[in-house]
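Open the model in your viewer and keep the sequence panel beside it. This tour goes from one selection to the next and says what is there.

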Amino acid sequence: MGPTKKQFSLNRLASPSNFLSAIRNLSRAVVLLLGIGAVSTPASAQTGTLYRLNEDSTFQQGCFPPCLCPIMISVPVKGTFVLTPTGFGELFNTYAVTDVNWLVSIGGSNTTVTGSGTYIIGGEFALQQQLSLDLQVGGDKVRHFDSGLVTGPAPFPDIKVTISVNGQRCFDTVFEVSASPVPLDQIHPYSLLAGSTFQRGCFEACDCAIGPLDPIVGTFALVPLDTTPLFREFAVVNARWLALDSSGRLPVRGFGTYKVGGEFAVQQQLKLLLTVDGEDSALFDRGLVSGGGNFPRIDIPISISGAVCFDTVINIQAAPIVLSITKGSLNDSNNLFQMRMSGPSGSNVVVEVSANLRAWTPVQTNALTLEGLELSVPLATNQSQFFRARLVP
């Protein structure tokens with residue numbers, strides 16, 4: 001008699017509210033969950049973890065003791081960063097902090113904070129931590145912010161620490177950093193659609209040639225930051241695009257923010273700090289413009305100088321990524337769970353296993369192709385297992 005197989009199928013938007021359960025009354029149970037992730041695999045895997053600032057994070061600027069003058073600014077700060085392990089020592093573990101993508105509301109307008117640095121945590125007798133960042137606040141020059149080595153009040157992986165330029169003495173600029181890893185169900189992956197374009201050259205009245213209109217492909221993710229009566233605000237993380245010009249492929253990388261809403265008409269703003277083909281990073285922004293009525297689809301042009309004279313213009317048309325399972329089967333003879341997936345070509349899919357739906361261990365990572373992806377996952381004997389598949393950068 002041939003091996004026993006039981007079939008199931010799925011075609012759904014990959015989100016935490018849509019998942020597939022396939023439980024078989026055999027010597028084991030298998031559940032396949034569709035999840036979405038960006039950079040949130042365990043730190044032990046030497047990959048980055050996406051963090052988001054909590055509501056008690058603040059930006060302060062003014063006078064601190066022993067100087068006698070008031071603090072001039074004290075406002076919330078919101079945004080994301082990536083924490084990646086770089087070493088594990090006898091006393092301290094070290095991490096790189098990259099893609100700092102924060103917003104501070106000063107005088108009624110958002111000021112962007114970008115930068116990078118390091119984080120260490122450990123100690124011989126008491127748990128200590130140190131956060132050191134080189135940050136640029138708006139158009140100011142880059143300055144070094146440091147907490148020094150201090151006792152850590154938050155249980156890692158949560159981070160709660162104060163960083164400043166002058167050690168909080170006299171006139172100083174201070175960030176109260178309170179951050180936690182972003183849950184997987186709050187990282188919403190997007191893919192650029194056909195119709196997204198990349199163009200360089202002269203626009204408007206300037207007398208020079210305009211470049212070809214080239215297609216651009218790739219992915220990014222949205223992470224919720226704030227919701228007000230007028231706007232929804234998101235961090236844009238892990239933009240990884242390729243502009244397909246006649247001479248080859250131009251990589252485009254970066255991050256930023258997106259907001260959508262409005263009082264009378266729907267408006268949107270996409271502001272990204274992008275690096276094109278290894279050039280210096282540039283801010284792409286067209287301001288708050290009409291559009292966004294079809295959200296979660298996004299359709300908006302962005303540029304460096306408003307498409308005036310020499311400029312780079314990227315027309316973004318994007319939608320949430322769809323990950324589909326077209327076939328799945330449980331093969332009892334060779335102890336394998338088999339499935340077929342389809343989704344955006346080039347995207348990576350990681351399959352993870354759990355015994356309790358809390359702790360997850362990656363077992364396979366594969367790249368999707370135009371033809372889809374066939375996966376075979378080995379099963380444990382005489383125990384319940386849960387599987388989930390999610391998209392990663």
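**First stop: the sulfur link**

Select cysteine 67 and cysteine 170: their link is right-handed, with 65° about the S-S bond. The two sulfur atoms are 1.8 Å apart, and the cysteines form a disulfide (a pair of cysteine sulfur atoms within 2.5 Å). A disulfide is a covalent bond between the sulfur atoms of two cysteines. A search of the whole structure finds one disulfide.

Before moving on, note that this is a predicted model, where local features need pLDDT of at least 70 and side-chain atom pairs count only at pLDDT 80 or more, while totals for chains, interfaces and linings use all residues. Residues are numbered from 1 along each chain as its sequence is written, and side-chain values use heavy atoms, with hydrogens and water left out.

Strands here are DSSP runs of E with at least two residues, numbered from the N terminus.

Now colour by accessibility. Buried means under 20% relative accessible area, exposed over 50%, and partly exposed in between (1.4 Å probe, protein chains only). Cysteine 67 is partly exposed at 28%, and cysteine 170 is partly exposed at 25%.

**Second stop: the rings**

The structure holds 13 aromatic pairs. Rings of Phe, Tyr and Trp (its six-membered ring) pair if their centres lie within 6.5 Å; planes under 30 degrees apart count as stacked, over 60 as edge-to-face and the rest as tilted.

Select tyrosine 119 and phenylalanine 156, a stacked pair with 6.2 Å centre to centre and 15° between the planes. Tyrosine 119 is in strand E7 (residues 109-122) and phenylalanine 156 is in the loop between strand E10 (150-151) and strand E11 (159-164), so the pair ties together parts 37 residues apart in sequence. Are these two buried or partly exposed? Tyrosine 119 counts as buried at 1% relative accessibility, whereas phenylalanine 156, at 32%, counts as partly exposed.

Next, select phenylalanine 220 and tryptophan 241. Their ring centres are 6.1 Å apart and their planes are at 75°, so this pair is edge-to-face. Phenylalanine 220 is buried at 6% relative accessibility, and tryptophan 241 is buried at 1%.

Finally, select Tyr51, Phe59, Phe81, Trp102, Phe145 and Phe175, which ring pairs link into a cluster.

Conventions. Helices (H or I, at least four residues) and strands (E, at least two) are DSSP runs, numbered from the N terminus.
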